[in-house]
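Here are some exercises to work through with the structure open beside you. Try each task before you read its solution.

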Amino acid sequence: MQLTINGKPRSFDASTFSVAYLVGQLNLEGKRLAIECNGEIVPRSQFAEVHLVDGDKLEIVGAVGGG
Amino acid sequence: MSDLLKIAGHSYRSRLLVGTGKYQDFAQTRAAIDASGAEIVTVAIRRTNIGQTAGEPSLLDFLPPDQFTYLPNTAGCYSADDAVRTLRLARELLDGHKLVKLEVLGDPNTLYPNMIETIAAAKVLVKDGFDVMVYCSDDPIIAKQLEEIGCCAVMPLASLIGSGMGILNPWNLQIIIANAQIPVLVDAGVGTASDAAIAMELGCQGVLMNTAIAAAGDPVRMAGAMKKAVEAGREAFLAGRMPKKLYSASPSSPSAGLIA
């Protein structure tokens, strides 16, 4: 399947997997972040249950320095 | 004597709020914030760097959320929708944290706020349960409207973001302060310590700044200067300044007992 992550297309062999699996694949495990899928926030408590499918658009954000 | 800053039901000892951007590195960020004595620190919400190595340090490692009150902002947002979306992500990121800084910009050159979009976003966020500290123009009518919407603090600019031009319209700030039932903080435009002191002497409840510290020759030293300036300005405000007089027929030394 193909996902769009932070504006960039990425291809994966599997046809579906959980948000938690994706977080691990991206080396983001343990990072404080928030994820939006197709404009809807995926609560951290649901990372294991929510599954992604071809065409999903994800925003993965964190806190950075700012004024 | 305790003189606490009260925002949305919480009390803070420091009336200086600081940003966390534009520093050399996270260590300098932390050192400057420690020197400033700030308890509330602003952070921006941005796309995470995908493909980073595991264990790469982040801002939160240097400013643990249990030691500071985070104030996620909407810097870079040019529409109400983007600002609301950003702060909903921030709330998820920070485990349900409600205190936020709303700013909706209108122009990339001046970073002047778009108050029509800001008001639209404020209405949605207040209804959604956020405690909204709002960056705004120094228009007293707009500031009052933001209060009526239910914002927990209004934060008019002293001058443009990052300009260091100081307080350009103290008269408008005084009108806003006189009419407000919620805290008024100066946000943006402070350039040096005297600017912060003047804001506090006018009766502001606090000052929020980033560039004035981060872009100083010695940011950590300037952070300490700002701490003192905010405290001095607050004390002067509470003490009540003497009236200004063009001439004074009241010398400080006794008129009697002069040698003949």
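## Exercise 1: A helix and its cover

Task: Find what covers the buried residues of H6(B), then work out which residues of helix H6 of chain B are buried.

Solution. Step one: the cover of the buried residues of H6(B) includes helix H5 (140-149), S8 and strand S9 (185-187) of chain B. Helices (H or I, at least four residues) and strands (E, at least two) are DSSP runs, numbered from the N terminus. This is a predicted model, in which local features need pLDDT of at least 70 and side-chain atom pairs count only at pLDDT 80 or more, while totals for chains, interfaces and linings use all residues. Residues are numbered from 1 along each chain as its sequence is written, chains are lettered from A and ligands numbered from 1 in the order in which they are written, and side-chain values use heavy atoms, with hydrogens and water left out.

Step two: within H6 (residues 170-179) of chain B, the buried residues are Asn172(B), Leu173(B), Ile176(B) and Ile177(B). They lie on the same side of H6(B) because they cover an arc of only 135° around the axis, the arc being that of the directions from the helix axis to the C-beta atoms. An α-helix has 3.6 residues a turn, so residues three or four places apart point the same way.

Step three: turn to the other side of H6(B), where Trp171(B) and Ala178(B) are exposed. Buried means under 20% relative accessible area, exposed over 50%, and partly exposed in between (1.4 Å probe, protein chains only).

## Exercise 2: Confidence

Task: What does chain B average in pLDDT, and what ipTM and pTM does the model score?

Solution. The average pLDDT of chain B is 95, and 98% of the residues score at least 70; pLDDT is the predictor's confidence in each residue, from 0 to 100. For the model, ipTM is 0.93 and pTM is 0.92.

## Exercise 3: An open sheet

Solution. Step one: the order is S6-S7-S8 (chain B), with parallel pairing; two strands pair if DSSP finds at least two bridges between them.

Step two: look at the edges. S6 (99-102) and S8 (153-156) of chain B each have a single partner strand, so one side of each is left without a neighbour in the sheet. Neighbouring strands are turned by 20° against each other on average, direction ignored.

Axes are lines fitted to C-alpha atoms, for helices over the stretch in contact, and angles run from 0 to 180 degrees between N-to-C directions. Contact itself means heavy atoms within 4.5 Å.

Step four: S7 (residues 131-136) of chain B pairs with S8(B) in the parallel sense over 4 bridges. Here Cys136(B) stands opposite Pro156(B) in S8(B).

## Exercise 4: Positive phi

Task: Where is Asn38(A) found, and where is Ala188(B) found?

Solution. Most residues other than glycine have a negative phi. Asn38(A), with a positive phi of about 50°, is in the loop between strand S4 (34-37) and strand S5 (40-42) of chain A, and is partly exposed at 46% relative accessibility. Ala188(B), with a positive phi of about 90°, is in the loop between S9 and helix H7 (193-201) of chain B, and is buried at 10% relative accessibility.
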